[in-house]
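Visitor: I would like to learn how to read a model like this one. Where do we begin?

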Amino acid sequence: SIINDSLDFQKIEAGGMTLKPEIVHTSDLVSSITDLATRANKEKNINVRLRNIGVDQSAYIEADPIRMKQIFVNLISNAIKFTPSGGTVDITIEVIERMPTMVHDRITIADTGIGMSQEFLQDGLFKPFCQEHNSVTSDYAGTGLGLSIAKQLLDLMGGTVKVESELGEGTTFTVDIDFKLVDEEKVRSLIQAKEKQKRNILPKLEGIHVLLAEDHPLNAEIAIKLLEK
């Protein structure tokens, strides 16, 4: 994770980070954010509440799903990490404006955690390698790059992020971002192309044996799942 963060940060700083937009089903994107919250909360007793306001889950949009997940991994995992057991994290996905070819979404992540000082909010929050040091944060190791990368990715996407926080009162991150809506004809063509690709690939995989060499149990498990698919 540390190596990946460092490489991503260097890539962004050098202007080498490029987005790879794909046609994404809205429900898949919403589900991925929900899954992130569930996984991040695996070992803590946090009440994670998810809410959709006006989201058309049947719509198709253009987005870079990997980079979107990266943004929300950072925001959601931080909210859960810095919220004491028994606290609450509210994740709200809301459509602010819907136009014929574009939708303006607002994703809010509000926690009842330890919060941040006004000084850190103004001077250090999105700076690389910066973390606020106090008796609580010293327990959590990290690079201090996650929020910086999330902010720069949102800048690349034309989005914005605002933060409200008070020490001991919790933190709210508000992300505003536009997504291009994809028309039905383009979606139909995409689905047909994927089905054709699947039909062409499956016969070629019949009877194939795969030897997987992997020394990390989690990586092996992920690779097996992908190969089974």
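Guide: Begin with the definition of an element. Helices and strands are DSSP runs, numbered from the N terminus. This is a predicted model. Read along the sequence, the protein follows the pattern α-β-α-β-β-α-β-β-α-α-β-β-α-α.

Visitor: How many helices and strands is that?

Guide: Seven helices and seven strands. The C-alpha trace spans about 60 × 50 × 40 Å along its principal axes.

Visitor: What share of the contacts links residues 24 or more positions apart?

Guide: Take contacts with a separation of 6 or more. Of these, 73% join residues 24 or more positions apart.

Visitor: Now the interior. What share of the residues is buried?

Guide: Of the 229 residues, 38% are buried. The general idea comes next. In soluble globular proteins, nonpolar side chains tend to be buried together. Here, the largest nonpolar core has 45 residues. Phe72 and Ile76 have the most contacts inside this core.

Visitor: Which element gives the most to this core?

Guide: Helix H3, residues 65–81, with seven residues.

Visitor: Which residues does Phe72 touch, beyond those up to four places away in sequence?

Guide: Phe72 touches Ile33, Leu36, Ser77, Ile107 and Ile109.

Visitor: What about a buried charge? Where is Asp105 found?

Guide: Asp105 is in strand S5, residues 102–111. A salt bridge needs a side-chain nitrogen of Lys or Arg within 4 Å of a carboxyl oxygen of Asp or Glu. Asp105 is buried but has no salt bridge. The nearest side chain of opposite charge, Arg98, is 6.5 Å away.

Visitor: Which residues does Asp105 touch, leaving out those up to four places away in sequence?

Guide: Glu94, Val95, Val175, Asp176, Ile177 and Phe179.

Visitor: And the surface? How much accessible area does the protein have?

Guide: About 14,400 Å², with 52% of it belonging to carbon and sulfur atoms. Nonpolar side chains can also group on the outside. Ile201, Leu202, Leu205, Ile208, Val210, Leu212, Ile224 and Leu227 form a nonpolar surface patch, with about 720 Å² of accessible area together. Helices H6 (184–205) and H7 (217–228) each give two or more residues to this patch. The largest share, three residues, comes from H6.

Visitor: Ile224 is in that patch. Why does Ile224 count as partly exposed?

Guide: Ile224 lies in helix H7. Buried means under 20% relative accessible area, and exposed means over 50%. Ile224 counts as partly exposed because its relative accessibility is 41%.

Methods: Residues numbered from 1 in each chain as written. Predicted model: local features only at pLDDT ≥ 70, side-chain atom pairs only at ≥ 80, totals over all residues. Heavy atoms only, no water. Patch = residues over 30% accessible without salt bridge, like charges linked within 9 Å, V, L, I, M, F, W, Y side chains within 5 Å. Areas by Shrake-Rupley, 256 points an atom, 1.4 Å probe, with all protein chains shown as cover. Helix = DSSP H or I, 4+ residues; strand = E, 2+ residues; numbered from the N terminus. Buried < 20%, exposed > 50% of the residue type's maximum accessible area, 1.4 Å probe, protein only. Lys, Arg positive; Asp, Glu negative; His and termini not counted. Contact = heavy atoms within 4.5 Å. Core = buried A, V, L, I, M, F, W, Y, C linked by side-chain atoms within 4.5 Å.
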